[in-house]
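Look over the sequence and model first.

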Amino acid sequence: MGSKSPDSDNDPRYASVTDERKRKRMISNRESARRSRMRKQKQLGDLINEGTVLKNDNAKIAEQVDAATRKYVEMESKNDVLRAQGVELTERLRSLNSVLEMVEEISGQALDIPEIPDSMQNPWQVPCPIMQTNHGFC
């Protein structure tokens with residue numbers, strides 16, 4: 001059996017205390033549910049704001065990547081032109097050196113014929129920043 005006496009169901013004092021407890025619990029539950037809804041609404045708003053910030057950041061980064069890619073393509077194109085010009089100049093230097101060698105042979109005089117640097121002999125190798133290692137090539 002329960003802790004209440006059989007007469008407690010009929011006791012108006014007991015009924016009013018019970019009703020008051022139910023009413024307070026109902027008010028408390030409603031307030032708790034309201035706070036919970038407000039927390040969820042704030043969390044949703046925060047997540048939406050964070051999503052917007054992340055999308056903006058992503059767009060900025062994508063823009064920077066595109067700009068860097070365009071700059072890279074531009075520099076690569078300029079490098080191709082410079083390499084081609086370097087090859088052409090190297091060939092002209094070789095040709096001039098061979099003319100000088102013929103003049104030297106015919107005249108019998110020693111001429112100062114410049115040597116072609118390794119960097120011009122191998123135009124497709126990129127020079128290293130530290131020139132002491134590996135003859136300046138990576």
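## Salt bridges along a helix

The side chains of Arg35 and Glu31 form a salt bridge, at 3.8 Å from N to O. This is a predicted model. Arg35 and Glu31 sit four residues apart in helix 1, so about one helical turn separates them.

Another pair is Arg94 and Glu91, whose closest N and O atoms are 2.7 Å apart. Both residues lie in helix 1, three residues apart, or about one turn of the helix. The whole structure holds eight salt bridges.

How exposed are these charged residues? The table gives the relative accessibility of each.

| Residue | Relative accessibility | Class |
|---|---|---|
| Glu31 | 31% | partly exposed |
| Arg34 | 36% | partly exposed |
| Arg35 | 40% | partly exposed |
| Glu91 | 43% | partly exposed |
| Arg94 | 30% | partly exposed |

Now turn to Thr90. Thr90 also belongs to helix 1, which covers residues 12-107. Is Thr90 buried or exposed? Thr90 is buried, because its relative accessibility is 2%, and the cut-off for buried is under 20%. Beyond residues up to four places away in sequence, Thr90 touches Ile116 and Met120.

One record entry remains. UniProt, in an unreviewed entry, lists residues 58-85 as "coiled-coil region". In the model this span is 100% helix and 0% strand, with its end C-alpha atoms 40 Å apart.

Conventions. Residues are numbered from 1 along each chain as its sequence is written. This is a predicted model: local features need pLDDT of at least 70, side-chain atom pairs count only at pLDDT 80 or more; totals for chains, interfaces and linings use all residues. Side-chain values use heavy atoms; hydrogens and water are left out. UniProt positions are given in the numbering used here, feature names are shortened, and annotations may be inferred rather than shown by experiment. Helices (H or I, at least four residues) and strands (E, at least two) are DSSP runs, numbered from the N terminus. Buried means under 20% relative accessible area, exposed over 50%, partly exposed in between (1.4 Å probe, protein chains only). Contact means heavy atoms within 4.5 Å. A salt bridge is a side-chain nitrogen of Lys or Arg within 4 Å of a carboxyl oxygen of Asp or Glu.
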